[in-house]
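Student: I have a model open and would like to learn how to read it. Could you walk me through some features one at a time?

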Amino acid sequence: MQLTTKRSIIGVLGILFLISLIFVQWMEVVRKQEEAGLAKPHIAVPASSQACVDCHRQAQPGIVAHWEGSTHARKGVGCVECHQAEEGDADVFAHFGQNIATIVTPRDCSKCHQKEALEFAHSHHSKGGNILASLDNFLAETVEGHRAPFNPHGPTPGFDVQSVNGMASAFSGCQQCHGSKVAFQSTDGGAINVDDLKPGPDGKPTNSEAVAKIARNQDQKPLFHAATWPNTGIGRLNMDGSRGSCSACHSRHDFSPRRARQPENCGKCHLGPDHPQKEIYEESKHGVAYRDLREQMNLDAESWVLGKDYNAAPTCATCHMSANTREPATHDPGERISWTNRPPISLRMDTDAEHKIVTATDPVEREKQIADTAEQKRQRMKNGCSHCHTPDYINGFYKQYDDLVVLYNEKFAKPGMQIMNELLKQGLRTKTDFDEEIEWTWFYLWHHEGRRARHGASMMAPDYTHWHGMFEVAERFYIHLIPQAREIAKHAAEHGKAEQAKAVNEVIDALLARPEHKWFKEGAEGQTEAIRKAMQERYGQGGGEKK
Amino acid sequence: MFGIGAWLHERIPIRGEQLREMTNEPVPNHLRRWWFCLGGTPAYLFVVQIATGILLALYYESSPDRAYESVRHITHEVAFGWYIRSVHKWAATLMIAAVILHQMRVFFTGAYRKPRELNWMVGMCLLVCTLMTGFTGYSLVYEQLSYWGATVGANINETVPLIGPLMKRLLLAGEAYNQQTLPRFFILHAAVLPVAIVGLLGIHITLLRLQGVTEFQFEDEKPDEPRHFNFFPDHLYTELIVGLVLMILLSVLATVFPAELGPKADPLTTPEVIKPEWFFYVTFRWLKLFPGTAAVLSMGFILFTMFLWPLLDGLIRRFWPKSEFSVWAGIVAVLAIVGLTVWEGAVAH
């Protein structure tokens, strides 16, 4: 080869190399623009999902736009990968050449996110659907509604009401957070759900009769029972036997990590009079810091590890689920919680191998059953706290929290429960909940006010601990529960149930004779004087006029 | 200008003619054929590795707590980090491939024969150093493959009789993978092995220059044409072309198949399938075929035989001057290497 030819080849190759470097530069610029949110990320629609994207871009442009903003889209996970179903699945239908299903369950997500799905399956979140047989649901299905459709009182002008769906409150209320038992319409007019389909370990139905009865449209698409779908409740009972809905927190179809990291995401369900965690958080120093420093939270980052990627403030996810430099991420918030404040009387989160709370009281038996102690769970939480707080500070906080929970348990919850149980035992209240005033009183005490006090203390919100919490618990106990129980006893004594009335009064008397309740019976003049004197000494004023 | 030239000449007393003589040795005609340039290719890729390696070392942290995170940081956050890491990874792959091809060319053309036996041995040392650099390199990422690859590698060493346990301790800096293991790998990968390669390369090239390149004559060469051509600029241009093609190839590979990041090392979870990088597939398959110590010893024996091959070949040729034994042995060896590599690559376990 001539030297001039070689030179020419070198020249051409040199230019090609420069072009390759310019291409690299271009890729880097695009990457940085995407990171800064200045450019749409590069999306490669998988060939199997191209037809879905083309058609649904016209029909539901929002779905496609959301998906295009997702990590799934960037990584080449398209529509088919998640919605794919197999022959034999209860919900499978052929859709333009693909076998798909409408609902994507945790079983589907677990094909790629195995660890997360397993952690979630162990969590209390995944058991949210258990409410369908609980006291809360009795409220919605019976007290607020009716388990069967019933006739309207009269016509509604402009709207044809043939019958009233008595379950509407349960469907639109409870089940939108807790999860529905997803059902298909049956050809005989009923509903077909997981109980009828009896899925095997592979999630496929074993009851072919039930499958045959699923009502389908002219395209053979199964028809959902409208009361149970749409639903993204976190403990949804799916037809393949899996529990839960990943989109409860990872909203479809962008499945944004950014959103899941923000407290507003949890606030869809964790709010309101019975468990105002969202409001409690907002009142706390944590929430105040988050509101102020949100821009420094690095919420868009791919990796979001406390102590490495951000330090500005914690969100719900930070403490309960996300990774920090000392603790890996978990999809089971219960792994870091040391008390459950959900029941009337708070319980320690000592759990067995099945992740159930150990309720045995015998220490030997407890030790035998416990697989993961509350203290271990607390240590995991502390590993997060310790990024911003010293050990003394953290331990001090936990002492305050434990003391509040124990105070609530011992001063109000256990006595309240004792009175309610005695009334039931003596036949002075019915077994039906919510048909007597005292049952509403007791429910308010533990389910609303008692939880507010405990949750307030757990997340450092003083107003919720005191004014929305213990203050109202005390008022409910002394001014409503005790007088109502006395009134029931009095009424019983007047109607030939003197023995029963006596038993109830003895329980109340014994409770009120205890030192912590003595003030209610005997007055507390001495105590108020002592407090006033102390205030005078400390601040130079008496803390208000004596009335 | 004259002043600067004189100043330099006073301090570096080399004349222009001497420099031309040093750099412009006549090159045999067969080097016009591109496959004879494979010897320069690994050296060229080695330079790429040094350059990209220095850039990566600016951000890499060699403690087990930080290693994976620092590689993630390089890949996802540092400007051009993904490109530099990908070029480093692909250049390593190409370098090992080029070393193997170069060695095959030397073997089948008999270029290792007298008086070049020692240079073959130096080349064998370079091959071992290159493979070790590859091994320690992918161990640094601290992904599952890194951790378990290192653990398996150390356990294999342990099966060597007598010195096995010591070798394992030396490699892992203890009885098992610990805080000191990764820094040790890093020092081996970024200091000890590169310095060894530079030294060995120096000897390799010096011996090459002293003995000259083995000369071949191909049938299509005309007898009246000159048998040599100039190194400068003729052969240098060829090397430049090879270098540019390599750089373009590296850029394309790095952009189309960028280096990815597997799951972080988890000492508590043994992956279902452990596979080393492709260049260890042969060894890995061999180890699966034969029981522990036998496999390691036979592998060592094969390596030692390869090392001594010029001497063994000399012996054979002394008794049977017309023997083609080495060619047939080479063909069997290549088929075995390719076969075992493909076998390991094709099966899941």
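Predicted model: local features only at pLDDT ≥ 70, side-chain atom pairs only at ≥ 80, totals over all residues.

Student: What is the mean pLDDT of chain B?

Tutor: pLDDT is the predictor's confidence in each residue, from 0 to 100. For chain B the mean is 87, and 94% of its residues reach 70 or more. The model as a whole scores ipTM 0.76 and pTM 0.63.

Student: Back to that helix pair. At what angle do H6 and H9 of chain B pack?

Tutor: Two packed helices are described by the angle between their axes and the distance between the axes. Axes are lines fitted to C-alpha atoms, for helices over the stretch in contact, and angles run from 0 to 180 degrees between N-to-C directions. Here H6 (residues 117–139) and H9 (residues 181–211) of chain B pack at about 160°, with their axes 9 Å apart. That makes H6(B) roughly antiparallel to H9(B); angles under 35 degrees count as roughly parallel, over 145 as roughly antiparallel, 65 to 115 as roughly perpendicular and the rest as oblique.

Tutor: Two residues are in contact if their C-beta atoms, placed from the backbone, lie within 7 Å. Among the residues making this contact are B:Val122, B:Leu126 and B:Cys129 of H6(B), with B:Leu200, B:Ile203 and B:His204 among those of H9(B). By class, the contact has 16 nonpolar, eight polar and no charged residues. Ala, Val, Leu, Ile, Met, Phe, Trp, Tyr, Cys and Pro count as nonpolar, Asp, Glu, Lys and Arg as charged, and the others, Gly among them, as polar.

Student: Is B:Val122 buried or exposed?

Tutor: A residue is buried if 20 or more other C-beta atoms lie within 10 Å of its own, exposed if 12 or fewer, and partly exposed in between, with C-beta atoms placed from the backbone. B:Val122 has 21 such atoms within 10 Å, so it is buried. Leaving aside its neighbours within four places in sequence, B:Val122 is in contact with B:Leu200, B:Ile203, B:His204 and B:Leu207. Its C-alpha atom is separated by 6.3 Å from that of B:His204, 82 residues apart along the chain.

Student: How do H19 and H21 of chain A pack?

Tutor: H19 (residues 391–425) and H21 (residues 462–494) of chain A pack at about 20°, with axes 11 Å apart, and are therefore roughly parallel to each other. H19(A) passes H21(A) in a left-handed crossing. The contact includes A:Phe412 and A:Gly416 of H19(A) and A:Phe477 and A:Leu481 of H21(A). Its residues divide into 11 nonpolar, two polar and no charged.

Student: How many residues of chain B are in contact with chain A?

Tutor: 18 residues of chain B are in contact with 17 residues of chain A. On the chain B side, H4 (67–76) and H10 (231–256) each supply at least two residues. The largest share, 13 residues, comes from H10(B). By class, that side has 12 nonpolar, four polar and two charged residues.

Student: Which loop holds B:Tyr142?

Tutor: B:Tyr142 is found in the loop between H6 and H7 (144–158) of chain B. Its phi is positive, about 60°, although it is not a glycine. B:Tyr142 is buried, with 26 other C-beta atoms within 10 Å. A:Phe96 also has a positive phi, near 50°, but A:Phe96 is exposed, with 9 other C-beta atoms within 10 Å.

Definitions and conventions:
Residues numbered from 1 in each chain as written. Chains lettered and ligands numbered in written order. Helix = DSSP H or I, 4+ residues; strand = E, 2+ residues; numbered from the N terminus. Left-handed = near helix turned anticlockwise from the far one by under 90°.
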